Amino acid sequence: MVRSCEQEIPAWVCVGTLLLLIHSVTVSGAALKHDVALDSGATVLNHTMNLVHRMETLLALGNGSDVTLRVETINTDEVKVIQAHSLVLTLQSDVFEELLLSRNTSSVVLRETPDCAAIFEKFVRYLYCGDISLRLDQAISLHKLASKYHVWGLQEGLTQYMTQHLSSDSPTGHVVGWYNYALQIGDITLRDSCLQYLSWNLSSVLQSREWGFISEDLLLSLLQRSDLILQSELELYEALEGWINQNQPVRMTVESALRAVRYGMIHPQHLFRLQKHSPLMVKYYESIRDLLYLAFQFHSASPIQLAKYFDVNCSIFTPRNYLSSAWGSPWIINNPTRDDRSFSFQTQLGPSGHDSTKRVTWNTLFSPRWLPLSARSTYTELGAMQPTRTEGGRPRIIVTPATSSPDFAGVSFQKTVIVMTKQQGKVVVKHVYNFHQSTEEAGDFLLDADLQRRASEYLIDSSLYLHIVIKPLYHTLLVARK
């Protein structure tokens with residue numbers, strides 16, 4: 001008769017047997033799979049879930065426990081007692097192994113912060129069962145425990161979880177908290193993922209409660225970036241004013257933030273209104289008067305004339321990735337693997353008020369299967385684009401001006417193609433491709449995308465959601481005169 005562990009076999013024997021089995025499968029997994037592969041007539045019986053259930057039961061009932069974990073919450077009298085098994089703990093964590101070897105009693109006292117103590121039982125269960133359920137607000141606490149006790153598999157899994165759940169909804173937001181935590185522990189991967197998410201989805205972040213919790217350092221870091229994706233610079237200024245009103249930072253921080261706003265990208269009529277009706281600008285007018293004066297000069301003079309006297313390559317004259325219609329257009333491509341598509345739209349020639357009424361027409365061509373430029377004929381005798389399609393090609397997008405004009409002198413255009421996706425029910429930026437005037441197309445456009453798959457992470461409801469942004473950049477034509 002087969003006897004259950006709980007009934008007649010001592011629990012410590014069950015734990016040892018189960019853990020040895022787990023260890024042998026983990027260490028020798030490749031060899032076991034190889035043996036199965038050699039025996040073509042073999043059938044694999046998988047009772048892994050039964051094994052996990054037995055381990056969970058041992059933890060819950062404390063059968064055969066040989067160590068008591070006393071989890072004390074720092075600065076409180078709260079204590080949690082967990083009956084555990086030293087063999088499980090030492091196999092999963094070298095930190096636990098050292099603690100258990102140095103103990104003088106059957107108890108081990110662990111002092112944890114309130115957030116870590118609250119989920120410590122969940123953490124221990126992972127050591128037994130190898131799986132864990134968590135909420136967004138528990139990720140940092142679990143990551144702290146995984147790092148403290150050297151449970152590297154859990155730590156890596158939590159970093160991946162946070163990277164993949166940046167767009168998830170939470171009452172007060174979580175990306176800023178994750179960014180600060182990543183900065184604190186030196187997790188570059190998580191830090192950069194959070195910073196990229198905030199930069200690429202800034203418009204939605206500005207409208208969320210999370211914006212008010214951004215630290216001063218993170219705020220100033222974001223304001224320096226040219227790859228921010230948002231509706232307009234005016235939207236950024238108004239959000240900055242709200243952040244300053246909420247956080248009341250010191251004067252030096254306010255001045256640094258205000259001087260990072262690109263006033264040359266705000267239309268003069270809005271600048272006049274801000275000077276009159278923005279309490280923040282009225283209060284700090286003297287701190288940014290030189291920038292406002294330069295912005296009004298920028299909008300009133302010809303860029304060619306301005307470039308003779310000023311460095312127009314500085315940030316105040318450099319657009320970010322603005323989503324408003326003056327700077328580009330959205331483009332939704334249904335069934336993107338079916339055939340080639342073309343699309344035309346207009347943008348203003350440049351951000352200067354002198355050029356804002358001048359329009360440039362852009363022709364965009366998308367093909368799901370195109371050869372590289374070097375392997376195809378691009379134009380006919382009439383100048384029309386001729387796609388060379390091949391089943392071995394990959395997705396391509398080409399953006400070119402429909403006409404040329406003397407007005408283009410001193411202006412170059414950076415083209416940005418933004419690819420949207422849906423994560424946790426929210427539309428967010430998946431990828432950004434940049435290429436310049438001298439290049440017709442982004443060489444790595446959708447290089448790793450599988451558009452054939454309906455559930456592709458690059459598609460929304462089987463469609464490709466793009467937004468094309470044209471960023472006109474002025475260039476200094478003569479040496480600036482002092």
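This is a short tour of the structure above, one selection at a time.

**Before you start**

The model is predicted, so local features are described only at pLDDT of at least 70 and side-chain atom pairs only at pLDDT 80 or more, while totals for chains, interfaces and linings use all residues. Residues are numbered from 1 along each chain as its sequence is written, and side-chain values use heavy atoms, with hydrogens and water left out.

**Stop 1: the whole chain**

Show everything as a cartoon. You will find 19 helices and 12 strands; these are DSSP runs, numbered from the N terminus, with helices being H or I of at least four residues and strands being E of at least two. Of the 482 residues, 45% are buried, where buried means under 20% relative accessible area, exposed means over 50%, and partly exposed is in between (1.4 Å probe, protein chains only). Now think about contacts, meaning heavy atoms within 4.5 Å. Among those between residues at least 6 apart in sequence, 68% join residues at least 24 apart.

**Stop 2: helix α14**

Select residues 233-247. This helix has 15 residues and, at 1.5 Å a residue, should span 21 Å; its end C-alpha atoms are 21 Å apart, which agrees. The expected span is 1.5 Å times one less than the number of residues. Its buried residues include Leu236, Leu240, Trp243 and Ile244. Step just past the helix to Gln248, which takes a positive phi of about 50 degrees.

**Stop 3**

**Stop 4: helix α10**

Select residues 175-185. The buried residues here are Val175, Val176, Trp178, Tyr179, Tyr181 and Ala182. Their cover includes α8, α9, α11 and α13. After α10 comes Gly186, with a positive phi near 80 degrees.

**Stop 5**

- Leu136 sits in the loop between α7 and α8. With a relative accessible area of 16%, Leu136 is buried. Among the residues that Leu136 touches are Tyr161, His174 and Trp178.
- Thr318 lies in the loop between α19 and β5. Thr318 is buried too, at 17% relative accessibility, and its contacts include Ser226, Arg262 and Leu473.
- Gly64 belongs to the loop between α3 and β1. At 39% relative accessibility, Gly64 counts as partly exposed. Select His85 as well: Gly64 and His85 are 21 residues apart in sequence and 7.3 Å apart in space, C-alpha to C-alpha.

**Stop 5: two cysteines**

Finish with Cys116 and Cys194. Are they buried or exposed? Cys116 is buried at 3% relative accessibility, and Cys194 is buried at 0%. How many disulfides does the whole structure hold? A search finds zero, counting as a disulfide a pair of cysteine sulfur atoms within 2.5 Å.

Key. Lists of a residue's contacts leave out its neighbours within four places in sequence.
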